[in-house]
Amino acid sequence: MADRDARLGELLSRNGLPPLRLRPEGFATLVHLILQQQVSRASAQAVFDRLVAAVGGRLDEPALLAMAPAELRRVGLSGQKTDFVRTLAANLLAGEFDLLAIAELDDDDAMSALVGQRGIGPWTASVYVLVALGRPDVWAVGDRALLVSMGRMLGRPAVPDDEATRIAQQWRPWRAVAARILWHDYAVVSGNVAP
């Protein structure tokens with residue numbers, strides 16, 4: 001990427017190579033990403049850890065559905081996120097949604113199928129395809145850390161999402177690599193951890 005964009009090259013020189021940070025494909029990762037929506041990564045991680053502990057260490061669809069909504073709220077899920085993850089689990093168990101089939105789709109179709117599920121928007125879908133499926137040309141639409149890091153790279157407070165998406169087009173077919181470089185810069189500068 002350094003040879004394609006000197007600004008990204010400068011971030012690499014300053015911060016070093018970003019960690020890959022892939023996550024396993026499947027239900028648990030998708031639940032984790034739903035928990036990360038519009039909250040800090042640390043807060044989402046704490047709720048996820050409590051959830052995993054509450055189901056005995058293995059988060060799968062039957063274990064989640066065995067918990068009553070009140071139990072899910074006690075471990076820290078909002079009422080809305082409780083509904084989202086329970087609906088997702090039920091749809092997967094009923095065969096109405098298939099994460100294995102999603103993995104076989106191209107990037108755009110995979111994201112469209114994910115967004116078709118209640119509670120999964122463009123950010124969750126794009127980050128799942130990027131970090132769980134490991135696709136190289138995915139941009140995490142609306143990701144706050146990317147917008148802030150890109151703004152810093154351009155000498156501004158932040159970049160609006162539509163502009164960031166447009167700028168990211170120049171990094172095709174390696175937009176995920178650019179995202180990892182920007183996430184790493186955000187982590188180094190702010191002390192936060194990237195997705």
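## Close-up views of a predicted model

**View 1. Helix α11 has a face with exposed residues and a buried side.** Turned away from the buried side of α11 is a face that carries the exposed residues Asp 162 and Arg 166. Keep in mind that this is a predicted model. Which residues of α11 (residues 161-168) are buried? They are Glu 163, Ala 164, Ile 167 and Ala 168. These residues cover an arc of only 135° around the axis, so they sit on the same side of α11. An α-helix has 3.6 residues a turn, so residues three or four places apart point the same way. What covers the buried residues of α11 includes α10 and α12.

**View 2. Helix α12 is largely enclosed by the rest of the structure.** The buried set includes Arg 175, Trp 183, His 184, Asp 185 and Tyr 186, along with several alanines, among them Ala 176 and Ala 178. What do the buried residues of α12 pack against? Their partners are α1, α9, α10 and α11. From first C-alpha to last, α12 reaches 22 Å, which is close to the 22 Å expected at 1.5 Å a residue. After α12 comes Gly 191, with a positive phi near 80°.

**View 3. Leu 182 belongs to the largest nonpolar core.** That core has 65 residues, and Leu 182 is listed with Leu 51, Leu 59, Leu 114, Trp 139, Met 150 and Trp 171 as the members that touch the most other members. Who does Leu 182 contact, leaving aside its neighbours within four places in sequence? The list is Leu 8, Leu 11, Trp 139, Leu 146, Ser 149, Met 150, Met 153 and Trp 171. In soluble globular proteins, nonpolar side chains tend to be buried together.

**View 4. Val 129 is a buried residue of helix α9.** Is Val 129 buried or exposed? Its relative accessibility is 0%, so it counts as buried. Not counting residues up to four places away in sequence, Val 129 touches Asp 107, Ala 110, Met 111, Leu 114, Gly 134, Arg 135 and Val 138. Have a look at Asp 106 too: it is 23 residues from Val 129 along the chain, and their C-alpha atoms are separated by 9.7 Å.

**View 5. Asp 137 and Arg 175 form a salt bridge.** The closest N and O atoms of the two residues are 2.8 Å apart. Asp 137 lies in the loop between α9 and α10 (144-153), while Arg 175 is in helix α12 (residues 175-190), so the pair ties together parts that are 38 residues apart in sequence. Both ends are tucked away: Asp 137 is buried with a relative accessible area of 12%, and Arg 175 is buried with 10%. Side chains of opposite charge can pair when their charged atoms come close. For another look around Arg 175, find Leu 20, which is 155 residues away in sequence and 14 Å away in space, C-alpha to C-alpha. Leu 20 is in the loop between α1 (6-15) and α2 (27-36), and at 52% relative accessibility it counts as exposed.

**View 6. Arg 118 and Asp 83 form another of the 11 salt bridges in the structure.** Here the closest N and O atoms are 1.7 Å apart. Arg 118 comes from the loop between α8 (107-115) and α9 (122-131), and Asp 83 from helix α6 (residues 79-93), so this pair ties together parts 35 residues apart in sequence. Arg 118 is partly exposed at 48%, and Asp 83 is partly exposed at 29%.

**View 7. Arg 7 and Asp 5 meet through their side chains in a salt bridge.** The N to O distance is 2.8 Å. Arg 7 is partly exposed, at 30% relative accessibility, whereas Asp 5 is buried, at 5%. Elsewhere, a network of salt bridges links Glu 10, Arg 14, Arg 152 and Asp 185.

View 8. Arg 21 is in the loop between α1 and α2 and is partly exposed, at 29%. Gln 38 sits in the loop between α2 and α3 (41-54), and at 85% relative accessibility it counts as exposed.

How values were computed
Residues numbered from 1 in each chain as written. Predicted model: local features only at pLDDT ≥ 70, side-chain atom pairs only at ≥ 80, totals over all residues. Heavy atoms only, no water. Salt bridge = Lys/Arg side-chain N within 4 Å of Asp/Glu carboxyl O. Buried < 20%, exposed > 50% of the residue type's maximum accessible area, 1.4 Å probe, protein only. Helix = DSSP H or I, 4+ residues; strand = E, 2+ residues; numbered from the N terminus. Core = buried A, V, L, I, M, F, W, Y, C linked by side-chain atoms within 4.5 Å. Contact = heavy atoms within 4.5 Å. Arc of directions from axis to C-beta. Expected span 1.5 Å × (residues − 1).
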